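Then turn to the contact that joins the chains.

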Amino acid sequence: MSEKYDVIVVGAGNAGLVAAATTAKNGLKTLLLEKHNLPGGCATSFRRGRFEFEPSLHELASVGDKEHPDTVYKIFDNLGATVDWRYEHNTFRAIVKGCDGYDVTLQAGIDPFCDAMEAAVPGCRASVHRLFEYYPKVTDALAYITRMKGKPNGLVMITKHADFMKIASHSVEDVMKSLGIPEKARNIINTYWGYLGVPTDELNCMHFLNMLYSYVVHGAAMPYKRSHELSLSLAKVILDAGGEIRYNSEATEFLYDGNGAVCGVVANGETLFAKEVISNVIPHNVFNMSDPKNIPETDLKLANARTFGISVSTIYLGLDCSMEELGIHDYTVFVMTDANPRKQYDDRKNKSLYIVNCLNKVIPDSSPEGTCTMFFTMPTFGCDVPKDLKPEDYKKYKNRLAEEYIEDYEKLMGIDMRSHIEEISIATPVTFARYLGTPEGTIYGYALSGWDNILGRISCEKDEYTIKGLSFCGGHAFRGDGYSSAYVTGDTIGHRVVNSIKGGN
Amino acid sequence: MKQNLRSLSRFDFLKMIPTRKAKIAEAPARAIPATDSYKPNELANALHPKCQHLIVSEITEREKDVKSYSLTPDIARGTEKLAYFSAGQYLSVALEIGDVKLTRPYSISSSPRESLDGRYELTVKRVDNGLASQYILDNWKVGTEVLASAPHGEFTYEPLRDARQIVGLAGGSGITPFVSLAKAIADGCEDANLTLIYGSMTEKEIIFRNELENLAAKCSRFKLVNVLCDEKVDGCEKGFITAELIRKYAPASGDYSIFVCGPQVMYDFVDKEIEKLGLRKKFIRHELFGEYRYPEKNDDYPKDAVGKKFKLTITICGEKKTVECDANVTLLNAMEHNGIAAPTNCRSGVCGWCHSRLVSGNVYVPKEVDGRRMADLQYGYVHPCSTFPLSDVEIDVPPFRL
């Protein structure tokens, strides 16, 4: 059969865009297929009236700046994609309601962060600081493991990287307890669990520390023109390098050759062949688009063993008053009914945790003068959507949800948002199921729970994904969820495919 | 005492991979469940199907040159249930008229409740030179197969945003979304009050008069005021929809939201009147602008383009075609009139469904229908439905999809 393309990338989400940009830029004939009419998946924007809303990004980690570029900055820079980054130097404000509650605002920078922690929980500074001191040990060990191509010497690990072995194999809570970080301090720092969707008694500490360190050292970054800017900047790289992007082109079938290797896809009824296919689409959906006889048992069992990651419900408000008039001063506020992440997770249907962002704090002109936008995020699983919810009751369900959270926040902050709502849009896992097509509307692929942590994913990737000619990138892949992890998997897989095609025949 | 990681075992590390492998080994090798089997996906598909295959089941002759079409699901072609909608939303209907392939958005004029029983109603009025309306009125018969989109549109009552008291301003065939809203209020789908000020030229041209008067008689939350500009008739206001007239029927105290839907000539007049009321922007909701005409009337339009013809080169999935495009014709219309089906829904610049990349050339986008995102301007993307050529133009367009 004739191979029309070197590479077909299915899905123009964050990882798919970077993967396609990488292969195109390295001279491979690349086709990127996207079922929607825009690139980005979650990384997009939408307009209502005079507002342009950011649909999903709260804070992009691992960016840094020109002087101190971190992973994401380097990926964009190496591809030649330009982004107008804006920065937020507070990490977050955490409010726990009730008499045992607290209201703490933390700053970026390890020392300011630790100082604020000390002020909130006297006596905790040294132990919190120690947590950050372990970060270089983790990166050293990971660099060593990578150098050894995933087969490190046991003796070297035990003698030189024992701390890493401990951090990589224990939960956030276990590691923090062993460092003597007091409970209240743990709870404050662990407010961040919501960004990874797994509570900290189950979340792998190595992963969490990586995210925490990145936010605390560099602060968070936001693209000036919403995430649509990120996605279009990557699309430009692909097109400038001679790659092809087809929108409204949903892949409906994955094609396999006689040896069980993926050799192409069908999209819009057209059969398209390639030497390699990169899927930004979750394995569950790919297997549903494949002849079952081509799915090896290993791959199928892995998919069945996993649970879906978290989705979210979100409220987007365009208000006809400025954030100052409204009385809002923070970019990110976490509101909780209980300080403990596990309780927040278990009780999520009862407003146990939600996040409120006001983008005007980071980007003052992100909405017209005299207006501001508010963005509510509530961790929600697809299975939290009531089983008996009928299509005709869905709008009422959304409105009731939004009303409850808006009222809750108004009461907490002593502000009036209701009378200023000029535009409103509400999303739930149903919305994400619609736009992303993921099972249960998951935005994070597979949950990073317990055994399915990133170290396990990275170590076993080669044994677990056995279909030749097919690689996976995105939140469901080896680095787990979030924009930055998705970009990293796109970068890694893109380069791997370049090497495989250019190094091969 | 300085605490370190002493209490944690390093050997747990060695168990990580075996634990993972064991978990996977004990998982079943059964087939992956269909994506639709999950509740969020099932709901998403029910509310937003990729398209709807419908069939004309009944035609109601209304006033001169106006007909209502009952559409029911065409099970044989795969549509079992109609997608539920909010009063005020529209369906984009795909049409092939000779060599021309186009779509038209029509507001649904039935209540959302009726869609549960398998019925939408679209109401079409003949427009002078209106290719689609003439085609539908002359060709759709009982049994005609219709390909339509899922319901779209933002011209809906939103209880967290709008005042519960709505003053609707309708002109001509712009009555259709209000008919749906009035029915939805009467049958309890929407919890709002509607005072509808409906402008027509003459009494004969009032569409849905009987239905609306019956609804108003039965439902205290819905009031109807007919306004005629060309004749004086008892029971109707004479003249235009002015600020003074709106004040007369709007609630004397408390907030109210104005919803406006009608032809462009009506917007030109009514928008200025609404301005006089000094309402906050949030209380004024506008239905789609509709096909933009006469861009050359705008002050910022480059006058040297008037009357010119340009070449429009279109690439869809790698296939290139070149057609002619007059300066006062949108890129979308030029494509459609040359038999090129392009994705579009609102045809008014806002929904972004026709989002396409401007490869080269200069274009004009009227401010009031420029619904592009900020990054689109930076990276050169256009919405062809609201874009006019100022030179030869090349665009990359996604394949057609409803």
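At what angle do helix α1 of chain A and helix α20 of chain A pack, and how far apart are their axes? The model is a predicted one. In it, α1(A) spans residues 14-25 and α20(A) spans residues 483-503. They pack at an angle of about 30 degrees, and their axes lie 7 Å apart. Angles under 35 degrees count as roughly parallel, so α1(A) is roughly parallel to α20(A). The crossing of α1(A) past α20(A) is right-handed.

Which residues make this contact? From α1(A) come A:N14, A:A15, A:G16, A:L17, A:V18, A:A19, A:T22 and A:T23. From α20(A) come A:Y483, A:A486, A:Y487, A:T489, A:G490, A:D491, A:I493, A:G494, A:H495, A:V497 and A:V498. By class, the contact of α1(A) with α20(A) has ten nonpolar residues, eight polar ones and one charged one.

Chain B has a helix pair of its own to inspect. Helix α5 (residues 176-186) of chain B packs with helix α6 (residues 209-218) of chain B at about 25 degrees. Here the axes are 10 Å apart. The two helices, α5(B) and α6(B), are therefore roughly parallel to each other. The crossing of α5(B) past α6(B) is left-handed. On α5(B), the contact uses B:V179, B:A182, B:K183 and B:A186. On α6(B), it uses B:E211, B:L212, B:L215 and B:K218. Five of the residues in this contact of α5(B) with α6(B) are nonpolar, none is polar and three are charged.

Now cross from one chain to the other. Helix α14 (residues 297-305) of chain A packs with helix α1 (residues 12-25) of chain B. The angle is about 95 degrees, with the axes 8 Å apart. Angles of 65 to 115 degrees count as roughly perpendicular, so α14(A) is roughly perpendicular to α1(B). A:K301, A:L302 and A:A305 of α14(A) meet B:K23, B:I24 and B:A25 of α1(B). By class, the contact of α14(A) with α1(B) holds four nonpolar, no polar and two charged residues.

How many residues does each chain give to the contact between chain A and chain B? Chain A gives 71 residues and chain B gives 56. On the side of chain B that touches chain A, α1, α2 (39-47) and α10 (374-379) each supply at least two residues. Of these, α1(B) gives the most, with nine residues. By class, that side of chain B has 31 nonpolar, eleven polar and 14 charged residues.

Methods:
Residues are numbered from 1 along each chain as its sequence is written. Chains are lettered from A and ligands numbered from 1 in the order in which they are written. This is a predicted model: local features need pLDDT of at least 70, side-chain atom pairs count only at pLDDT 80 or more; totals for chains, interfaces and linings use all residues. Axes are lines fitted to C-alpha atoms, for helices over the stretch in contact, and angles run from 0 to 180 degrees between N-to-C directions. Helices (H or I, at least four residues) and strands (E, at least two) are DSSP runs, numbered from the N terminus. Angles under 35 degrees count as roughly parallel, over 145 as roughly antiparallel, 65 to 115 as roughly perpendicular and the rest as oblique. A crossing is left-handed if the near helix is turned anticlockwise from the far one by less than a right angle, and right-handed if clockwise. Two residues are in contact if their C-beta atoms, placed from the backbone, lie within 7 Å. Ala, Val, Leu, Ile, Met, Phe, Trp, Tyr, Cys and Pro count as nonpolar, Asp, Glu, Lys and Arg as charged, and the others, Gly among them, as polar.
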